[in-house]
Amino acid sequence: MLNLGILAHVDAGKTSLTERLLYAAGVIDEVGSVDDGSTQTDSLALERQRGITIKSAVVSFVVGDTTVNLIDTPGHPDFIAEVERVLSVLDGAVLVVSAVEGVQAQTRVLMRTLRRLGIPTLVFVNKIDRRGARHEGVLREIADKLVPAAVAMGATTGLGTGAAAFTPFDGAAGFAARLVDVLAEQGEELLAAYVADEESVSYARLRAELVAQTGQALAHPVFFGSAITGAGVEALIAGIEELLPPAQGDPEGPVSGTIFKIERGQEGEKIAYARMFGGTLRTRDRLRFGDGREGKVTAISVFDRGAAARVPEVTAGRIARLWGLADVRVGDHLGTPKPARTPATAVARGGHFAPPTLETVVVPGSPGDRGALHLALARLAEQDPLIGLRQDDLRGEVSVSLYGEVQKEVVQATLMNDFGLHVTFRETTTICVERPAGTGAAFELIGKDPNPFLATVGLRVEPGPAGGGVEFRLEVELGSLPYAFMRTIEETVRETLQRGGLRGWEVVDCVVTLTHSGYWARQSHAGGVFDKSMSSTAGDFRNLVPLVLMSALKQAGTTVYEPMHRFRLELPPDTLGPVLPVLAGLGAVPLTRLSSLVEGEIPAARVHELGQRLPGLTRGEGVLECDFDRYRPVRGPLPERPRTDHNPLDRKEYLLHVVRRV
């Protein structure tokens, strides 16, 4: 069993290659066309209309004795979150590069992440039949921009014509010498043996070392071909079978898996896609997942030769669709969490995907559609948690966080096609965050004015490490409160910080410590009737925590941070002069500047504008690569985000809301 991902920059031919692999394996009788909307994996109506992959899709075929679950992923950067979820379940990957366009911006982002995660990866250079196709030039780009340990696995003939072909290398001396050059960098024993006696290092040993280093994501074999004509595809299939390691996992061990996708069936039922890392999961098994939620598996299907087949059980290494887990979410671990990957190739910096940095208000075409819109967006957020649904009860509005304008168009079309809802969007804004600037503390005691709640809560807020999220600590005895109250305090702390700090943005990278706690135990009248006015409840803590937390945060102060992207801009040397002032006007800071290359950072809010202006400034020859790098303090006027709740900083208004709600 091998779970294989196909990844690429948009339009490199990823979905066409998937079709060709299925055809070569005998799963389909005719190769589908992206342009005609007849491919196996682009099954959504919107995917067929646009000719792009939006949701990951799984199909299966057999190579020799190996069953391959092939996962086709989106190529457009607006849907990078879908790719990120898929990477966590892969045993290996094929990264598709165009022989004409070569290594592109998204190609680099994908390869950096594959290397960071240690996923064994083959490179397939597609479109050798297209005019302008290159061999040596693309190989140099792969070695210079993607991975130095790239191994060309064959030669091409007839480039740029319909007769273009790929011939795999055999054990000829030239290929063996190239293998030694690449593999000796990581194989000390191989190098020592070669230096001692060249003749003692056989081609079979070199091939075995190539298999080993590919499996460790140290070496990256490169194949050439055409998904349209089929050239080179047989060699790629042979490489997949020989060079990529099969799925691991003990079917007799404890159940362990990960949910990487959720969809709805024809009857509206939730279907969860799971990669099994250990154990055997059976129909009617009760399963724990996520943060302690549970569910009963009512049905299981696996992928078999292009179709989904119902089965009574699924074992380690396989991908399955599960029914019955109503509360499951994307990213949930099933049973025992799998051990984290610790690859030798993990890079020290970068490689992670950007969080969504844009937000927009979704406006229903009719005011009467607000309820239906919220339900529809909740369904979309269920499938893609990074959509980041934000409900504004004060204004009756709902916002979503997004990666880009194309994703916004897809959301709009999906709401119309799938839910019959016509919507428009307000202006897209950048999502900032707040971090505590210092330390602040506050407390309110039970039975002491001005505290109207039957609870004692004291909290201290202080800065935490960048990227550390929110850490909740205790400075009180664990048994000083019932567990339910302690859990309510922590949950409310996290919810309050997520709703927004002093300027309305989510508060991140902080440590919140519970310093005071107290409650009144359950009280009853003489007749045994419970008296809420004399007894603390979870609601008392839920209502008091925001007041105390925001008071502490006000004392600490906050700094507003905006998302920054690191950019790399390749351009003709004679256009550098006109481009530099534009970069400065957009708030970009060049860190490296050569005659044909500028690297630096730019506010995420200005990336779209730079991309739009670049073709005119560089005669269409400029190549821009951007990905999220960090948050930096906002320079200039501080942006505020309208609160979606009743602000705990306004004590009077907040308490009035609590009274009305009760």
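Mentor: The structure holds 9 aromatic pairs. Rings of Phe, Tyr and Trp (for Trp, the six-membered ring) are paired if their centres lie within 6.5 Å; planes under 30 degrees apart are called stacked, over 60 edge-to-face, and the rest tilted. This is a predicted model, in which local features need pLDDT of at least 70 and side-chain atom pairs count only at pLDDT 80 or more, while totals for chains, interfaces and linings use all residues. Residues are numbered from 1 along each chain as its sequence is written, and side-chain values use heavy atoms, with hydrogens and water left out.

Consider Phe260 and Tyr273. Their ring centres are 6.0 Å apart and their planes stand at 70°, so the pair is edge-to-face. Phe260 belongs to strand E10 (residues 256–264) and Tyr273 to strand E11 (residues 270–278), so the pair ties together parts that are 13 residues apart in sequence. Helices (H or I, at least four residues) and strands (E, at least two) are DSSP runs, numbered from the N terminus. Phe260 counts as buried at 2% relative accessibility, and Tyr273 counts as buried at 6%. Buried means under 20% relative accessible area, exposed over 50%, and partly exposed in between, with a 1.4 Å probe and protein chains only. Elsewhere, the charged end of Arg435 sits over the ring of Tyr561, 4.5 Å from its centre.

A second pair is formed by Phe485 and Phe541. With centres 4.9 Å apart and planes at 35°, the pair is tilted. It links distant parts of the chain, since Phe485 lies in helix H12 (residues 483–499) and Phe541 in helix H13 (residues 538–556), 56 residues apart. Both Phe485 and Phe541 are buried.

After H13 comes Gly557, whose phi is positive, near 75°.

Phe166, Phe223 and Phe224 form one aromatic cluster. Of these, Phe223 is also among the residues with the most contacts inside the largest nonpolar core, which has 79 residues; Leu17 is another. A nonpolar core is a set of buried Ala, Val, Leu, Ile, Met, Phe, Trp, Tyr and Cys residues joined through side-chain atoms within 4.5 Å. Leaving aside residues up to four places away in sequence, Leu17 touches Val94, Val96, Phe124, Ala227, Val233 and Leu236; contact means heavy atoms within 4.5 Å. A second, separate core of 29 residues includes Cys510, Val548, Met550 and Ala552.

For the chain as a whole, buried residues make up 52% of the 662 residues. Among contacts between residues at least 6 apart in sequence, 72% join residues at least 24 apart.

Terms used. Lys NZ or Arg CZ within 6 Å of the ring centre and 35° of its normal.
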